[in-house]
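Let's walk through this structure together, starting with charged pairs and moving on to a helix, a strand and a loop. Keep the sequence and the model open side by side as you read.

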Amino acid sequence: MSSESRLYTFSPETKEKLRKFRLGTSRAKDAQAIIYIIDQKSQEIRPEDGEIYTNMQDLADELPDSSPRFILLSYPLTLKSGRLSVPYVLLYWLPENCNPNLRMMYAGAVELMRNTAEVNRVIEVGEEEDITSIESKLQSAD
């Protein structure tokens with residue numbers, strides 16, 4: 001067992017929500033995103049409010065200016081080949097003027113979040129434009 005899995009926890013409810021989100025979004029027609037936080041007292045990784053965002057601008061508007069967040073994103077898109085793809089990625093929100101203690105806390109949990117959520121790719125984002133233009137980043141990966 002790795003050290004970060006002893007530091008940070010997921011409740012059984014959160015693990016079930018992660019699983020349902022992953023399975024439920026694989027055939028979605030619209031982008032879907034959920035913001036996750038690390039509770040500083042309990043060290044539990046959990047959904048911030050459970051809201052599912054389908055608009056990238058609304059998602060970007062919700063993100064704090066000085067605290068990191070994890071965002072699970074399922075984003076349907078048509079590749080240059082014409083094939084439909086639904087990348088399931090972890091966006092690691094790390095704004096420039098981030099609190100150093102929070103930066104360290106999230107950095108220590110990113111791999112655990114990636115593995116528990118079963119995403120293939122982590123994309124670090126640090127400003128609103130990174131979120132609103134995420135489709136170009138996802139397109140360039142395929």
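Start with Arg 19, which makes a salt bridge with Glu 16; the closest N and O atoms there are 3.0 Å apart. A salt bridge here is a side-chain nitrogen of Lys or Arg within 4 Å of a carboxyl oxygen of Asp or Glu. Both Arg 19 and Glu 16 sit in helix 2 (residues 12–25), 3 residues apart, or about one turn of the helix. Helices (H or I, at least four residues) and strands (E, at least two) are DSSP runs, numbered from the N terminus. Arg 19 is partly exposed at a relative accessible area of 38%, and Glu 16 is partly exposed too, at 31%. For these labels, buried means under 20% relative accessible area, exposed means over 50%, and partly exposed is in between (1.4 Å probe, protein chains only).

A word on the ground rules: this is a predicted model, where local features need pLDDT of at least 70 and side-chain atom pairs count only at pLDDT 80 or more, while totals for chains, interfaces and linings use all residues. Residues are numbered from 1 along each chain as its sequence is written, and side-chain values use heavy atoms, with hydrogens and water left out.

Back to the charges: the whole structure holds 6 salt bridges. Among them is the one between Arg 46 and Asp 39, with the closest N and O atoms 3.6 Å apart. Arg 46 is partly exposed at 27%, and Asp 39 also counts as partly exposed, at 21%. Asp 130 and Lys 137 meet in another, at 3.7 Å from N to O. In that pair Asp 130 is buried, at 18%, whereas Lys 137 is partly exposed, at 28%.

Now look at helix 4. Its N-terminal end is capped by Asn 99, with a side-chain oxygen 2.7 Å from the backbone nitrogen of Asn 101; that is a polar contact (a pair of N or O atoms within 3.5 Å; within protein, one must be able to donate a hydrogen and the other to accept it, and residues adjacent in sequence count only if both atoms are side-chain atoms).

Next comes strand 3 (residues 69–74): 6 of its 6 residues are buried, so the strand is largely enclosed by the rest of the structure. Arg 69, Ile 71 and Leu 73 are buried on one side, and Phe 70, Leu 72 and Ser 74 on the other. In a regular strand, side chains alternate between the two faces of the sheet. Strand 3 pairs antiparallel with strand 1 (residues 32–38) over 5 bridges, where pairing requires that DSSP finds at least two bridges between the strands. There, Gln 32 stands opposite Ser 74. Strand 3 also runs antiparallel to strand 6, joined by 6 bridges, with Phe 70 partnering Tyr 92.

Finally, Glu 96 lies in the loop between strand 6 (88–93) and helix 4 (100–117). Glu 96 is exposed, at 76%.
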